[in-house]
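Trainee: Could you walk me through a few features of this model and show me how to read each one?

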Amino acid sequence: MGFFEFWQDFGKTLSQGLAIVAGTVLMVVPGAQLLGVGLLAYGVNGIITTIANGTAEKAREQEAGSKLSSVRGSKNRLNQSGYVPVLFGRHLATPDLAMPPFTEIVGDDMFLCQLFVAGYNDMDIERATFKLGETPLTEFSKTKNIDQIIAGTDPFVRLEILADGEASQICPACVHEAQVNTEVRNKAGKDDDAGTGDIVGNAAPKAEKILADVFFQNGLVHYNDKGGKDNATVELLLQYKAEGASGWTDFPGWNKTITRNTPDMFRLTAAASGLDPAKQYLVRAARNTPDATSANTRDAVHLGSVRSIRSERPIRSDAAQRLMVLALRVKASKLASGVIDSFNFVAQAKMSDYFEGGWSTRLTRNPASALLYALTGQANPAPVDAADIDMTSIEEFHDFCREKGFRCDALLAGKERFADLLGMIATSGRAEIARRKGKFAVVVDKERSDTANLFSPRNTISYAQQIMKMDVPDEISCSFTDETTGWQLNARSAFNTADGLPDGTAKTKQTSSLWGVTDPDTVFKFVRYMYACIKNRPLLHIIKLDLECLTCKKGDLIEYAGDAALTGTAYARVKKLILDEGGALGLISDTVFPMEEGESYGIRCRRQNGVLVTLRVKNEGKSERFLYFQDAQSEYVLAEGDLVAFGVMGKITRQLLVREIAAEDGLRATLTCVDYSPEIYAVDDPSYVVPPFDNKITSGGTVDSGIALAEEWQTWTTFSEQKDKPDAPEGAGNSGGWHRDRTPQSRWLSVKTASSVNRGTWSEPERTALEIAEDMDTGSFASENPDTIIGLTAAAQRDGIAVSWLPPGPGLHNRMERVVVEVLKSEFGYWEMYYTADASFFYAFSRETDGYPEASNLAAWRIRAKGINIFGRVSLEWGGGDGGVPVSTAGYGTWFPDIPVLSSATAGRTVNMAASPQGWYGAGGIEVQIRKVPAPAAENGAKNG
């Protein structure tokens with residue numbers, strides 16, 4: 001029943017993106033020729049192949065006529081019900097089609113018309129960057145001038161940039177096109193009793209206007225016996241009627257009698273307007289002239305396209321007010337033919353930007369502006385109120401990024417969780433997102449001068465350490481989108497050397513990726529920053545607090561002194577100050593201060609008002625509960641109850657940064673901290689050398705752990721996978737189920753600090769993150785990424801590609817919420833993203849964009865996948881590698897019919913014949929032809945029976 005199955009409404013809701021028309025489905029009308037769906041994949045060029053024999057081929061031997069260029073589509077994605085892209089900073093954009101492209105015939109010329117949605121209208125497009133693939137758009141024009149192309153004065157190419165909701169002149173209405181490209185014949189076959197070769201089909205529902213075009217691929221001409229050219233005539237009916245009507249109506253102004261004397265290809269068009277959109281219309285093309293049987297006549301005529309038009313804007317006007325819409329009209333030519341390359345350009349975001357103490361809208365690439373846009377911009381369906389944003393931290397983040405030259409350049413074209421998006425933007429400026437008093441805030445990893453609090457065993461519940469990384473890779477390779485190479489995916493490495501450059505000794509390699517950073521030099525600095533953190537922040541410091549937790553927030557600089565942290569040698573509270581007329585000479589505490597001759601000691605004190613002070617003390621050479629200051633202090637310098645940490649000057653406390661705060665019942669909380677290590681922050685200096693880790697261990701004296709001369713000692717850790725709590729390890733910690741290599745299955749750990757691994761006593765076994773997480777069904781695994789997907793395979797089937805992978809490994813971090821699957825269709829294409837909550841995925845071919853591919857067409861296709869666990873963490877590497885796995889076509893058939901297998905059997909006066917297809921896709925029937933040969937005459941004059 002026709003050209004179109006249905007027609008969806010455009011622009012339903014912005015939250016679902018733009019609802020775009022669906023694919024074309026063709027059915028059979030009884031008594032009419034089938035419009036085979038396979039032909040839609042080939043267009044005019046495919047038809048040329050199928051008819052280039054017999055008469056047409058012999059005619060070409062006499063004279064080859066000129067051919068007209070044709071175009072039938074583009075490589076831009078038709079993003080049905082997709083998301084409106086969001087631009088941050090400056091980036092390459094390959095916009096999605098807002099409706100299927102359609103062709104337009106003007107005389108003998110064909111034009112391709114396309115309507116795009118590039119994103120929201122808060123962007124500025126760089127006019128000099130418009131391209132089709134890698135070819136500048138101006139190369140397809142006559143004037144070679146982009147201003148004339150945009151002004152509409154170039155006859156070959158026209159471009160509209162519609163940022164204020166105005167209607168397009170190129171695509172003013174909804175157009176649905178069926179590219180038929182099928183020969184119209186008088187007879188469906190060569191025999192006299194063959195059926196009609198008419199083409200009949202439905203127009204799209206609600207059509208108010210119908211356009212049809214026909215073309216004579218090899219011209220219309222008759223060659224006489226002398227080699228001259230005579231007129232040739234074809235009578236062709238182009239008609240329409242409402243469904244249920246009794247008779248057909250000719251297209252207005254259509255001249256059914258076509259007479260020409262030319263071997264050159266030409267096109268003709270017809271239009272029917274003023275149709276009732278409440279009725280369903282049929283379109284018919286019928287040839288009254290008998291099909292040519294002479295090799296001297298060229299008169300084959302094809303029905304090209306049928307376009308149904310509805311006078312309604314393709315994108316709702318209220319939606320268009322917020323969008324950056326572009327319309328492009330390109331003339332078919334040798335350069336622009338068949339399926340033209342993807343339309344693309346470079347654009348920059350216009351966002352609220354912090355400048356000279358105030359915020360104003362302008363072009364910006366600053367990550368802080370991108371973050372504020374994500375929170376409050378029009379792309380956010382639920383904008384955050386200004387009162388819920390810590391603007392001071394945003395402004396400080398802006399200043400930091402401007403000083404460092406950090407940029408956030410990205411085009412978000414798919415769905416992303418809000419929290420993940422904020423984190424991605426912050427990471428592009430070397431920062432993290434935090435919530436402070438219910439407000440969104442930014443924590444920048446930069447030098448700090450103010451300490452929030454001092455902690456010791458006297459004001460904490462417990463303290464523990466956890467090793468984050470045990471091995472430093474020789475090379476870290478970071479993948480990113482490189483603006484210096486035409487926005488292609490690239491990778492930049494830094495090495496574990498003094499200057500970060502290779503020295504030829506690298507053996508181990510770690511891969512990573514960076515979103516939003518497109519400058520390779522900045523990527524190099526970020527990788528060097530990773531090395532600095534790996535080397536100088538190898539530990540997590542876990543501190544459990546009571547009410548003291550209320551004095552800290554994420555990103556704060558704190559200090560800790562305690563024997564478990566190997567900093568300080570005594571931790572006390574002030575009982576009384578030693579006073580005289582000159583002020584405070586010293587203090588008396590509730591614990592002993594151990595001193596050894598030759599050391600320079602001091603105290604770090606926290607006053608009751610939260611202020612921290614450091615005072616030098618006299619070395620009396622003995623251990624007492626009192627001490628004297630090097631210099632007399634004010635009698636108000638300290639007060640009874642103030643917290644005191646004692647130790648060697650410079651190593652009294654350990655400076656830490658608060659990374660996370662996990663609230664618990666009873667006004668308690670657990671701080672997860674890393675070492676401050678301010679040496680890291682010089683990483684942006686070209687002459688920077690990553691410093692070795694300074695552990696701040698106090699040497700000398702007597703500490704509660706019994707460790708003296710700590711610089712000669714090391715800390716050792718051993719692990720066990722035993723389910724129940726094991727006995728403490730012995731010796732070197734590598735027997736009785738204990739080993740010193742941590743594995744994902746490690747449940748218990750034990751630590752000791754000693755001069756060698758065979759000396760000292762191991763600590764009581766403690767639970768690892770895995771054991772705690774399985775106990776609580778949550779916990780530390782919330783911060784671990786799922787394993788890389790393994791066993792990824794992709795197999796082509798009739799209607800799509802079946803993608804599967806092996807089940808994930810054990811552990812909470814591998815409890816998958818969904819899997820992201822990406823599909824690459826050509827070497828120079830882009831990755832299309834899909835999500836599934838199932839244990840497999842099926843990519844269904846889009847017949848409008850993918851057509852009916854053969855196995856050879858699928859050779860360049862690649863598939864890759866990443867897991868997303870229940871905590872929202874994503875696999876660090878792609879299953880199938882960055883380049884993906886190829887699509888197997890071992891069990892894939894073909895859309896091209898093969899010769900059927902014919903069999904016959906006789907039974908009395910009956911002949912039974914059977915013909916079976918040979919497994920091709922889309923087989924609709926088999927034509928069987930029978931030739932009857934008269935029986936031979938009987939010999940010797942016998943009569944025939």
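Predicted model: local features only at pLDDT ≥ 70, side-chain atom pairs only at ≥ 80, totals over all residues.

Trainee: Where does N121 lie?

Mentor: Helices (H or I, at least four residues) and strands (E, at least two) are DSSP runs, numbered from the N terminus. N121 sits in the loop between β6 (109-120) and β7 (123-125).

Trainee: Is N121 buried or exposed?

Mentor: Buried means under 20% relative accessible area, exposed over 50%, and partly exposed in between (1.4 Å probe, protein chains only). N121 counts as buried because its relative accessibility is 19%.

Trainee: Which residues does N121 touch?

Mentor: Contact means heavy atoms within 4.5 Å. Not counting residues up to four places away in sequence, N121 touches A163, Q321, R322, L323, M324 and Q378. For A163, the side chain of N121 reaches the backbone oxygen at 3.1 Å.

Trainee: Which residues of helix α7 are buried?

Mentor: In α7 (residues 418-427), the buried residues are L421, L422, M424, I425 and A426. What covers them includes α5 (367-376), α6 (391-404), and the strands β2 (86-88), β29 (410-412), β30 (431-436) and β31 (439-444).

Trainee: On to sheets: in what order do β51, β52 and β55 come?

Mentor: Two strands pair if DSSP finds at least two bridges between them. Here three strands form an open sheet in the order β51-β52-β55, with antiparallel pairing. β51 (793-797) and β55 (840-844) are the edge strands, each pairing on one side only. From one strand to the next, the twist averages 20 degrees; axes are lines fitted to C-alpha atoms, for helices over the stretch in contact, and angles run from 0 to 180 degrees between N-to-C directions.

Trainee: How many bridges join β51 to β52?

Mentor: Five, and the two strands run antiparallel, with β52 spanning residues 800-804. For A795, the bridge partner in β52 is A802.

Trainee: What is the pairing in the sheet β35-β34-β36?

Mentor: That open sheet of three strands has mixed pairing. Its edge strands are β35 (488-495) and β36 (509-513). Neighbouring strands are turned by 25 degrees against each other on average, direction ignored. Five bridges join β34 (residues 475-482) to β36, and these two run parallel. I476 stands opposite Q510 in β36.

Terms used
Residues numbered from 1 in each chain as written. Heavy atoms only, no water. Polar contact = N/O pair within 3.5 Å; in protein donor to acceptor, adjacent residues only side chain to side chain.
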